Amino acid sequence: MKMKKMVLSVMLAGWVVGLKAQSVKKDTIPLLHGAHHIGKRMDADMNRWRGYGLGQFIHWGLYSVLGGDYNGKHYNGAAEWIRSWGELPHSVYDSLYKKFDPKEFDANRWAVMAKQMGAKYVTITTKHHDGFCLWPTKYTSYNISNTPYKKDILKQLVNAYTKAGIDVYLYFSIMDWHNPDWRYDLKSTADTIAFDRFKLFVKNQLEEQLKMYPQIKGFWFDGTWDNSWKKSGAFSDSLNQDLKRIHPGLIIGSRLRADDYGKRHFDSNGRLMGDYEQGWERTIPSDFAATHGNDWECDMTIPENGWGYAKKWMGHWKTPNELIEMLAKCVSLDGNFVLNFGPKADGTFRQKEIDDAKVIGNWMKINNEAIYNCGYVNWLKQDWGYYTQKLKKDNEIYMIVFNVPVSGALRVSSPKNTVIKKAYLLDGHKELSIEKLDGLDTFIHLQKTGQKQPFVIVLETQKGAQSEEDENKHI
Ligand code: JFZ
């Protein structure tokens, strides 16, 4: 009965679902608002998402005006959270819109920068926790049209990125510090009445965005951790379905819904609620087992933490090579890597972000074959770096090398049915010598290739007679 229902909802949604991704065990807890399908979405839109590899995150809003500073003092939290800082009166923050006038803003320039970096998708903050809207919404006056700038920023970004061939996703914070109907919890009838108005406001705004920016591919929800929202699982379930009905193929991660018991991301039966796991915030799974075979995305800041523009960046600033390594690791574990940028209030980027985007882009120009439409290889992980291969099976395995052993010999342990025919550098196609060792191991000898790290080696493999278990491709 339950299975029938599930199959039906999968068919209704028009998806073919990869059942191999998650183990199919019986649900033990009956849920009205749990996961509605098991395993991965395998439709064209989600396949496209899966192939992105690299994305860009944009955090831009009123917090960018302050850049983490108020009255000569620096806020030590993430700059986009400054409104919650005790020292800054809310009335001051809520008047910042009168100063928001990004004279240097050029959406096409942003899109070109993202394109040169190699980003295949972008997530843009349309409304962060402060409640300020970057589009001229008719549901609150706290929006871009009442700033000195006046023009629709979101429209310009959606158009420019779409024109550049970069898919657009809209970040939307459910938690809204500005709307008087927002509640952290529902403790009285009055709370429930106010929050019902708030829910309608959210639904209206999202439907408005779909109407105004029909090119978008999905939503990136945030600010869904409070009790008020966790108690609204029925609403978030129907909202999710409404949005997908209006815009078939829409992609929504696991940070929107809560189940009947207030469980987020994974329902009470442990099933992912959403099209991909959206909980890898500034962290990367340690190994493939930690991904549970789900689609997932890692969102990363260049400084330690902080997403909106901050005059002073916190802690260690990641180098481009660290970022490229994170990208390679994510793709090698079937995830996407999304790098955050926090533009200044005038519409320009800090130099470090511009430089990093360039270095990553130069690397991607040479090596993107090992990133786009690539994923996990079930070969024993080695210390030199990460394996990837095309999601659609072929005979090539990529080695993304970050640590060259002193010996110059890279160890590869291949499955017993697989023969390594040829190894060459992706950049310039110089062939490398292969030394077969006892057992299943092989050395790829770098000789004096003079490669600067990181670089990619392509292995051409051939499979012999094989059994199902020897298959090295996971799906
Ligand atoms: C949220 C926001 O609060 C933050 O300002 C930024 O927009 C970021 C992308 O998302 O921050 C979070 C949300 C979730 C976790 C951590 C920070 N989490 O699940 O660990």
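What follows is a short exchange about how terms are applied to this predicted model.

Biologist: What makes Lys163 exposed?

Modeller: Its relative accessibility is 67%. Exposed means over 50%, so Lys163 counts as exposed. Lys163 belongs to helix α6, residues 153-163.

Biologist: How far is Lys163 from Lys120, in sequence and in space?

Modeller: They are 43 residues apart in sequence, and their C-alpha atoms are 12 Å apart.

Biologist: How do you know that Lys120 lies over the face of Tyr372?

Modeller: Lys120 is at 4.4 Å from the ring centre. The cut-off for the distance is within 6 Å, and NZ of Lys must also be within 35 degrees of the ring normal. Lys120 is listed over the face of Tyr372. Lys381 gives a second case, with its charged end over the ring of Tyr386, 4.5 Å from the centre.

Biologist: How many aromatic pairs does the whole structure hold?

Modeller: The search finds 36. One of them is Phe219 with Phe221.

Biologist: Why is the pair of Phe219 and Phe221 called tilted?

Modeller: Look at the centres, then the planes. The ring centres are 5.5 Å apart, and rings pair if their centres lie within 6.5 Å. The planes stand at 35 degrees. Stacked needs under 30 degrees and edge-to-face over 60, with the rest tilted. The pair is therefore tilted.

Biologist: Are Phe219 and Phe221 buried or exposed?

Modeller: Buried means under 20%. Phe219 has 0% relative accessibility, so Phe219 is buried. Phe221 has 1%, so Phe221 is buried.

Biologist: Which residues form the aromatic cluster?

Modeller: Trp60, Tyr97, Phe100, Phe105, Trp110, Phe132, Tyr142, Tyr149, Phe341 and Phe349 form one cluster.

Biologist: What makes β17 and β20 paired strands?

Modeller: Bridges do. Pairing takes at least two bridges, and seven join β17 (residues 418-425) to β20 (residues 455-463). These strands run antiparallel. Ala423 stands opposite Leu459 in β20.

Biologist: How do you know that β17 and β18 pair?

Modeller: There are two bridges between β17 and β18 (residues 431-436), in the antiparallel sense. The cut-off is at least two, so the pairing counts. In β18, Ala423 has Leu432 as its bridge partner. The hairpin of β17 and β18 has five residues between the strands, and Gly428 there takes a positive phi near 95 degrees.

Biologist: What makes β9 and β10 edge strands?

Modeller: The open sheet has eight strands in the order β9-β8-β7-β6-β3-β12-β11-β10, with parallel pairing. β9 (251-252) and β10 (277-281) each pair on one side only, and they are the edge strands. Within this sheet, β3 (residues 54-58) and β12 (residues 335-341) pair over five bridges in the parallel sense. Gln56 stands opposite Leu339 in β12.

Biologist: Which residues are around the ligand?

Modeller: Among them are His59, Glu80, Trp81, His128, Asp222, Arg255 and Trp307.

Technical notes:
Residues numbered from 1 in each chain as written. Predicted model: local features only at pLDDT ≥ 70, side-chain atom pairs only at ≥ 80, totals over all residues. Heavy atoms only, no water. Helix = DSSP H or I, 4+ residues; strand = E, 2+ residues; numbered from the N terminus. Buried < 20%, exposed > 50% of the residue type's maximum accessible area, 1.4 Å probe, protein only. Phe/Tyr/Trp six-rings, centres within 6.5 Å; stacked < 30°, edge-to-face > 60°. Near = heavy atom within 4 Å.
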